[in-house]
Amino acid sequence: MQVNEFKPKIVAFCCNWCSYAGADLAGNNRLNYPDNVKIIRVPCSCRVNPMFILRAFQRGADGVILCGCHPGDCHYTSGNYYTRRRMALLFSMLEYLGIEKERTRVEWVSAAEGAKFSATMNEFCEQVAALGENKRLEDLRCKQ
Amino acid sequence: MANINDPLIPVIGVVTDIRIDTPDVKTFRVVTPDGKKAFEHKPGQCAMLSMPGVGEAMFSITSSPTNKEFMEFSIKKCGCVTQWLHQIEVGQQITIRGPYGHPFPVDTAFKGKDLLFIAGGIGLAPLRSVINYVRFYRENYGKVDIVYGSRSKDDLVDYKEIIDEWCNDEGINVHLTIDREQEGWDGHVGFVPNYVKELGFDTNKVAIICGPPIMIKFTLAGLTELGFDKTQVYTTMELRMKCGIGKCGRCNIGSKYVCKDGPVFRCDELDELPDEY
Amino acid sequence: MQTVTRNQLVEKAKELLNNGTVTRVLGIKKGEFSYDLTPAVFTSAEELEKEFEFNGFAAANFSKYLVKLADGEGKILVFLKPCDSYSFNQLLTEHRFNRENVYAVGIECDGFADYKKIEEEFNDGIKSVEFNGEKIEVTTLYDGKKELAFADYMLERCKNCKTKKIAAFDELLTENSDETKNTRFEEVEKLEAMTPDERYAFWRNELSRCIRCNACRDVCPACTCEKCVFNNPDSGVENKAIQNSFEENMFHIIRAFHVAGRCTDCGECSRVCPQHIPLHLLNRKFIKDINSFYGEYQAGAEVGNRAPLVNYTKEDIEPKDAVGRGSEE
Amino acid sequence: MKKILKKNLQNLFAAISKETDLFLPVLNSAKNAEFKKWTEGTEYSEELNTVRSAKDFFFPQTENICDFKTSGKNIEIIENSELPENFAVFGVRACDLKSFEVLDNVFLSEPVDSFYKTRRENAVIFTMACNRPKETCFCHTFNINAADPKGDVECFEDETYVYLNPLTQKGKDLLNKVTSALEDETEEPVKKIKAEIEERLKNLPLYNLSAESFGSDKTEEFFNRKEWDELSEACLGCGTCTFVCPTCQCYDIKDFNTGHGVKRFRCWDSCMYSDFTKMSAGQPRTHQKERFRQRFMHKLVYYPTNNNGMFSCVGCGRCLKKCPISMNIVKVIKKLGGTANG
């Protein structure tokens, strides 16, 4: 194993009603996911405003993932449908600005899918690690 | 390095005492980390206090320059900086820079004169510095009258000091008033401008007013009725200030900068400024 | 060259003032030169005669002014070019002004000239600019006269005019037309075809010039928030610190996103940018994506249309399939 | 007086760059001029106005004042400014040079702004006379002569040569270090250039614009004029005019939380912005009219009152070109002040 292996910082916005519970379940089942994934619990994936995603990158995230309930299963009926549209457009815009599309992702994870949560995080981490540090949406003032 | 002394770079201050004056006013005692006064000032001058990340705000220094140990600031909770200040504990460090502004002419125009201080609510804060300065150099000034009013008895700032010290001084008359009747209050009830007229002062003195704009306006009218000339009346202004040194360009009224040419103005000087405050 | 003439507009305005239909006229005032025209309110025939101007530089979109002006005494007359009419409808959809207080006269539009492009042509002062049919006659200070072809010196938005159709009016001064062109996404497509590195370099070069003057926001008919998030100290993004690549990116991404689905592509942002940043390319990317993901949508085509970002279907495209789709098409 | 063949200008730039960083106007990809650091192959642009004025060199749009680190109740202040070493600027026009004087009166008055002062002291300014002043130029209104640009080294150009005339010790010292790139010349060619420019200035459309009716202590006369309503009517409240203006100097001081500390920086601010004077206790300028009036009153009345009649406008014409609604100081002067020719 390399000594200086790059560990990306990942911010995961997780819906309180599904993927946050999914993360819990992953823990209960002793399924591993990388400790550099920092979870932010939100009441609904729809709460995540584009600014949150950008602010995460500003403060040093190398990848941002948004987890919500499967379409149709939103606790508030339709929140994640709006999320789906918003993030499709936002991520498409980020890609248009030349920011690597592998740094962003939306994944639907239910409360019962602990295994999916863990697998998704592992895979996303690897994907971001392969890209290296976030340089294109970084804020130099926030570098330590 | 040249910039070490830049006026925009503050020094550290430590809050060593917090006194609760009224439900929304607290008085903060500030010294440097080695226990000294951060800088000398003159009565009526201001200082810029800040918490990094919260913001900077300008406050008048309420303690008297004759106090060589510390500075005090009476601060009312109203914006984001003040809200932050109201929740800190003793020992908190803040940053401080100053002193800023043009002081009251305590050693020139006020000297040898009878003085009339008129304050409303938190408006006592800047005047307290002058009053205590005058009390310290008592022999330099004539008779002193203080008219102070606020919404209720609980909203009188520095009530203890007023009752225990000012009221007991010879040659100082304190007239307190509150806006509405209140249990346990046997003093005067009514607004400050009316009270000033009722008290009917002779005009052979200098008046110093501070309070909310509306109070200043009506008190000034009252004093004019009593025969005061505007050159005998001083007041202190407040506008948004950022730099404190007349450069950032936002606290001007006409060609005057409140942070540099004020905050103390003689009322006839104010008349020459455009009506934009 | 505009088919509609200044005199036609003045006559119409005078007629409507005189017969009491309107009390005020929103128009354009003459400046020092042919190009420095300022929007203004006229209240009398004399003022109109004296100061009203309309020429090939009269490109300003009037609709946003109605938010402020429609509250005044009596009706206000506004001349709507096709571009303005979409913004007009979009503002009505968002209940930003009272339709009852406005009298709208639709006027056809043949495109406007871009002063910057004309100026670039000469390293010289420009004494006067005359519009003459398909030609622009420019008199310079030191090199005499020169003739330019109007078509080569149009504003970008006019060159790629989305439509000649006037979407809202009480009365038409000229014919309405259904002519539409589909060239406006060409630039976006060019960018999509680039590699991410090239795109990144392109946008860094453009956005790094931003001086954060907020002209794009303040002129935008879709930006009518009482308090912008970038002016709100509580938002945490109020920083005015520009010359920081992140702030530049964030400001423009968020601004474009806030108007996504509501932007009518009127092109005012690019027109007023003092640094000539092609901001319309951000807005058009959203428009193009919306069209391709959720079906054709033109903001302001009709009053009351539900904007795509406050709408959904159960079968919407998944973000992972959406991102980068433009470049694969 | 020295001179250099225009086609050899790059040699001069290279020689100066060996001594000190050199900045000069360069056309960017949007065909606007902006000041850029010279490196091999950077082409000098003869464009009159850069979009951002030369004030950036001394009063940059954002600059760090200091950093803070907090831990518990304690605060640590960390000095962290990025002040430049010596540098030279080539191609500054007479109007921009005058704007430095306007800014000096603000930043170098007591208490001195040491960031600004350090930058001013470290700079050598090469000015350039304007052979082809534009229709938007009105520096003459403020007694600035585009044929006599001053500065540390004043420069003139004709078809083939650039002439350099060092005026200050700083300028002489720097030119002495690069003499090998230069030839000697008499005053004659420059006299001819000056005469030609002065003739051209007289033919500019705004040559007769006069600001005489404004000036010190005219607050009462202008403050309540009803024309302010009409003038400010279309103002969008953006900051374009203030940000391209070489003499606008208002700033804001803000804190940026980096997650591991706080950076306190100052940045340009605009009196045209609605939140400029907003405070927790209220807002003295509630409408755009008042904010608009503040800007022009400051330039034409307040500033002269405080600075012996000197106006805070240099007639560079940037606002004439850049205002989204084409409202500008010339229209204000004409409307309120009247001029010789209308």
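The domain assignment of chain C gives domain 1 (6-114 + 156-172), domain 2 (117-149) and domain 3 (186-328); such bounds come from an automatic or database domain assignment. The model is predicted: local features need pLDDT of at least 70, side-chain atom pairs count only at pLDDT 80 or more, and totals for chains, interfaces and linings use all residues. Residues are numbered from 1 along each chain as its sequence is written, while chains are lettered from A and ligands numbered from 1 in the order in which they are written.

**Domains of chain C**

- The C-alpha centres of domain 1 and domain 2 of chain C are 27 Å apart.
- Six residues from domain 1 of chain C and six residues from domain 2 of chain C take part in their contact, where two residues are in contact if their C-beta atoms, placed from the backbone, lie within 7 Å.
- On the side of domain 1 of chain C that touches domain 2 of chain C, two residues are nonpolar, three polar and one charged. In these classes, Ala, Val, Leu, Ile, Met, Phe, Trp, Tyr, Cys and Pro count as nonpolar, Asp, Glu, Lys and Arg as charged, and the others, Gly among them, as polar.

**Domains of chain B**

- Chain B is divided into domain 1 (2-99) and domain 2 (114-236), and 25 Å separate their centres, taken over C-alpha atoms.
- In the contact between them, 15 residues of domain 1 of chain B meet 14 residues of domain 2 of chain B.
- Strand S1 (11-22) and strand S5 (71-76) of chain B are the elements that give two or more residues to the domain 1 side. Helices (H or I, at least four residues) and strands (E, at least two) are DSSP runs, numbered from the N terminus.
- That side of domain 1 of chain B has five nonpolar, eight polar and two charged residues.

**The sheet of chain B**

- An open sheet of seven strands runs in the order S10-S9-S8-S7-S11-S12-S15 (chain B), with mixed pairing; two strands pair if DSSP finds at least two bridges between them.
- Strand S10 (188-189) and strand S15 (264-266) of chain B are the edge strands, each pairing on one side only.
- Strand S9 (residues 172-178) of chain B pairs with S10(B) in the parallel sense over two bridges, and His188(B) in S10(B) is the bridge partner of Thr177(B).
- Helix H4 (residues 192-199) of chain B packs on the sheet, and its direction makes about 145 degrees with that of S8(B). Axes are lines fitted to C-alpha atoms, for helices over the stretch in contact, and angles run from 0 to 180 degrees between N-to-C directions.

**Contact of chain D with chain B**

- In this contact, 42 residues of chain D meet 36 residues of chain B.
- S11(D) gives the most to the chain D side, with five residues.
- By class, the chain D side has 21 nonpolar, 12 polar and nine charged residues.

- Helix H3 (residues 79-96) of chain A and helix H12 (residues 280-294) of chain C pack at about 130 degrees, with their axes 10 Å apart.
- H3(A) is therefore oblique to H12(C), since angles under 35 degrees count as roughly parallel, over 145 as roughly antiparallel, 65 to 115 as roughly perpendicular and the rest as oblique.
- Among the residues that meet are Leu89(A) and Met93(A) in H3(A), and Phe286(C) and Phe293(C) in H12(C).
- The residues of this contact of H3(A) with H12(C) comprise six nonpolar, one polar and two charged.
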